Amino acid sequence: MSDLASPRGPAGPRSVPPGGEAIDFVQLLTPDGARKRPAEYPLDVDADTLRGFYRDLVLLRRFDTEATALQRHGELGLWAPLLGQEAAQIGAGRALAPQDFAFPTFREHGLTWCRGVDPAQVLALFRGASLGGWDPAVHNLHLYSIVIGTQVLHAAGYAMGIQRDGHVGTGDPARDTAVLACFGDGATSQGDVNEAFVFASVFNLPVVFFCQNNQFAISEPNQRQSRIPLYRRASGFGFPGVRVDGNDVLAVYAVTRDALDRARRGEGPTFIEAYTYRMGAHTTSDDPSRYRPTGELEHWQQLDPIDRLVEYLLLTQTGDERYFAEIAAEADALGVRVREACRSIPNPLPESMFDHVHVEPHAQVDADRAWFRAYQSSFETAGGAA
Amino acid sequence: MTATETSQGAAPTTTRRLTTAKAMSEGIAQEMAANPEVFYLGEDVGAYGGIFGSTGGLLDQFGPQRVIDTPISETAFIGLAVGAATEGMRPIAELMFVDFMGVCLDQIYNHMAKIHYESGGNVKVPMVLTTAVGGGYSDAAQHSQCLWGLFAHLPGMKVVVPSTPYDAKGLMISAIRDDNPVVYMFHKGVMGLPWMAKNPRATDVVPEEAYEVPIGKARIARPGTDCTVVTISLSVHHATDVADRLAADGVADAEVIDLRSLVPLDRESIWESVARTGRLVVVDEDYLSFGMSGEVVATVTDRDPSVLRAPVQRVAVPDVPIPYARGLEHAVLPNAGRIEAAIRAVVGA
Ligand SMILES: Cc1ncc(C[n+]2csc(CCOP(=O)(O)OP(=O)(O)O)c2C)c(N)n1
């Protein structure tokens with residue numbers, strides 16, 4: 001049997017070496033902080049924008065680290081860390097126009113950050129204190145999606161709605177709208193995702209498929225999902241695919257902005273593979289030591305998304321030690337705010353679980369609620385027994 | 001001797017104790033060793049050993065040709081298992097959470113369950129679909145359901161739901177050997193996982209040799225005389241704990257029946273017990289309406305409602321998606337408090 005046909009275990013050999021060196025992708029900032037200027041993705045960002053990226057990355061990492069710690073202290077039911085994927089999410093999130101609409105996975109805390117969702121609302125969701133978390137219409141951000149790949153079809157459908165509303169290709173920058181569909185490398189195997197590609201392609205939908213290839217789907221390496229680089233799949237569906245260094249915030253920003261522009265102009269979908277690495281656990285219930293090859297994490301730490309921006313800011317004198325200290329202090333303050341906000345989120349009223357099952361009052365749910373009330377009050381009359 | 005062993009009918013040949021997860025994977029391993037047609041496929045079933053421990057050690061023992069980590073497409077690997085089964089294999093496909101049946105239900109109920117029928121009996125689909133069910137650990141509305149009532153509702157597949165280590169192994173072996181598709185539903189709370197709230201009954205004596213537990217046969221988990229509690233899966237443990245306590249307190253001596261299989265349903269055992277006690281409580285971690293609890297009640301009332309000396313009590317999940325918030329989730333699950341209230345109500349205590 002040929003090597004290609006033989007299944008490999010998760011810790012088996014890799015067809016693509018970990019890290020950036022053998023991978024061709026769009027890069028604007030090398031791991032050493034050197035600026036590259038690929039002709040297809042011209043990008044001129046002013047000092048404030050650059051500093052803004054840095055601030056985003058640092059604050060987001062702090063928020064994520066705090067949330068992981070809060071889960072460890074029993075304050076959250078679960079957390080899906082994004083550690084290592086900050087640049088991919090901030091780059092994409094900052095490329096969105098206000099009217100654009102995004103569909104996140106459950107790991108997209110960088111996107112919620114960019115879309116102005118209060119971190120406490122994200123925590124309330126993972127704490128189980130709120131159903132829904134935020135109103136999608138307020139933030140132009142759909143809810144987190146947990147059943148893998150399902151949101152990508154929803155994104156294509158939403159884009160179809162935008163198209164039918166006539167908000168594509170008018171040339172009015174405040175009106176033309178695109179949809180960003182986020183998913184992971186594992187999700188690319190799902191029928192839902194591939195079917196979304198088909199529909200986006202044949203209906204020329206204004207959607208950008210943004211895949212963060214963080215190298216893993218829980219324990220399975222991405223070679224278990226594909227024999228070719230993921231971005232190359234796009235050509236078979238009939239739209240462009242591009243791979244970008246997912247740890248390079250400038251490159252992700254430039255590539256995503258370009259793809260969103262195309263979509264808004266009515267030129268159809270683009271597939272972006274942001275090549276990055278999940279440095280933390282899959283979720284706080286996971287133990288990556290069971291499948292992570294030794295040395296791999298250390299390798300990727302050399303490619304850290306924040307470090308290279310620090311180098312670049314220093315090199316271009318856009319940031320100095322005083323500025324970094326300022327942001328560090330802001331991150332500390334965010335940490336304190338997040339911890340306090342999390343602990344003070346009120347517990348939901350038990351009866352609230354009967355709300356929203358149906359749009360209007362519903363006899364069966366009313367009966368269930370009445371049973372629950374009677375059951376609760378039986379303890380009060382029994383003096384709190386049981 | 002525990003009630004488990006006595007009611008098994010089989011004399012234990014060992015005192016070795018295993019968790020339900022280990023018993024399940026041992027059953028799989030023995031059938032894989034005995035039969036090269038058996039192989040296991042699903043997400044994170046290889047080096048990870050199944051996220052709920054269902055396949056621990058199998059990759060080391062059988063290698064990646066027979067313990068296959070699949071790309072994330074449930075439709076694909078369940079459909080593939082159906083195809084392989086029609087070719088004569090005996091695949092075991094693991095749907096990581098039963099909640100995800102939504103993405104692959106066509107393969108399950110239109111194909112796995114109907115090919116035998118629609119081929120006029122010419123084509124068999126001897127596969128097992130394993131899947132983790134149940135809540136109680138804050139995993140929210142898309143990761144906490146039981147949904148066995150739904151599978152049992154759809155004709156063409158057997159449905160087994162073990163609660164003990166002994167049954168987990170024996171039902172697994174029976175399921176693999178069965179020529180029908182069998183859905184094997186394991187509750188995360190009975191697996192004996194280190195990171196979950198553990199019921200002591202999740203670890204018990206398991207014979208080392210391969211053995212079958214008959215599919216379609218209920219088991220009296222705890223004999224009693226005052227009322228019958230019909231239940232399944234993790235609720236068997238909760239109901240037995242409550243029944244032991246109420247008996248010790250002199251409130252009621254409840255009989256607990258572990259259905260073990262929903263398809264076929266052992267209606268005779270339900271009837272025999274309820275005809276004796278005259279009082280019925282059904283405890284079901286699935287949704288209240290249109291589910292197992294109603295079916296169990298109908299099993300009695302179809303035959304003779306006059307045996308019932310009190311209205312039936314049903315303890316099930318009310319008709320709401322399962323909340324993620326701890327307090328809310330525990331309120332909807334059939335917990336000890338609700339089971340006790342139901343037993344007290346049915347015996348008039
Ligand atoms: C339909 C479905 N199947 C399986 C799972 C279990 N699961 C949760 S996350 C995950 C891996 C997803 O990998 P990927 O798409 O690469 O995203 P990542 O978690 O790496 O961000 C799996 C298999 C699920 N949630 N939904």
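The following dialogue goes through several descriptions of this predicted model and the values they rest on.

Trainee: Why are H6(A) and H7(A) called roughly parallel to each other?
Mentor: Helix H6 (residues 150-164) and helix H7 (residues 191-202) of chain A pack at an angle of about 20°, with their axes 7 Å apart. Angles under 35 degrees count as roughly parallel, and H6(A) and H7(A) are therefore given that description.

Trainee: Which residues of H6(A) and H7(A) meet?
Mentor: On the side of H6(A) they are Thr150(A), Val152(A), Leu153(A), Ala155(A), Ala156(A) and Ala159(A), and these meet Asp192(A), Val193(A), Glu195(A), Ala196(A), Phe199(A) and Ala200(A) in H7(A). By class, the residues of this contact divide into nine nonpolar, one polar and two charged.

Trainee: What makes the ligand site one that is shared between chains?
Mentor: The residues that surround the ligand come from chains A and B, so the site is shared between chains. A residue counts here if its C-beta atom, placed from the backbone, lies within 6 Å of the ligand, and 22 residues surround the ligand, the closest being Ile148(A), Gly184(A), Gly186(A), Ala187(A) and Ala217(A). Strand E2 (179-184) and strand E4 (216-217) of chain A each supply at least two residues of this shell, whose residues divide into twelve nonpolar, five polar and five charged.

Trainee: How do you know that chain A and chain B touch, and which element of chain A gives the most to that side?
Mentor: Two residues are in contact if their C-beta atoms, placed from the backbone, lie within 7 Å, and with this cut-off 40 residues of chain A are in contact with 33 residues of chain B. H7 and helix H13 (363-381) of chain A each supply at least two residues of the side that touches chain B, and H13(A) gives the most, with seven residues. That side of chain A divides into 22 nonpolar, twelve polar and six charged residues.

Trainee: What is the value of omega where a cis peptide bond joins Val263(B) and Pro264(B)?
Mentor: Omega is about -5° for that bond, and Pro264(B) has its place in the loop between strand E12 (261-263) and helix H10 (267-277) of chain B.

Trainee: What is noted about phi of His356(A), and where is His356(A) found?
Mentor: Phi of His356(A) is near 70°, which is a positive value in a residue other than glycine, and His356(A) is found in the loop between helix H12 (321-343) and H13 of chain A.

Note on methods. Residues are numbered from 1 along each chain as its sequence is written. Chains are lettered from A and ligands numbered from 1 in the order in which they are written. This is a predicted model: local features need pLDDT of at least 70, side-chain atom pairs count only at pLDDT 80 or more; totals for chains, interfaces and linings use all residues. Axes are lines fitted to C-alpha atoms, for helices over the stretch in contact, and angles run from 0 to 180 degrees between N-to-C directions. Helices (H or I, at least four residues) and strands (E, at least two) are DSSP runs, numbered from the N terminus. Angles under 35 degrees count as roughly parallel, over 145 as roughly antiparallel, 65 to 115 as roughly perpendicular and the rest as oblique. Ala, Val, Leu, Ile, Met, Phe, Trp, Tyr, Cys and Pro count as nonpolar, Asp, Glu, Lys and Arg as charged, and the others, Gly among them, as polar.
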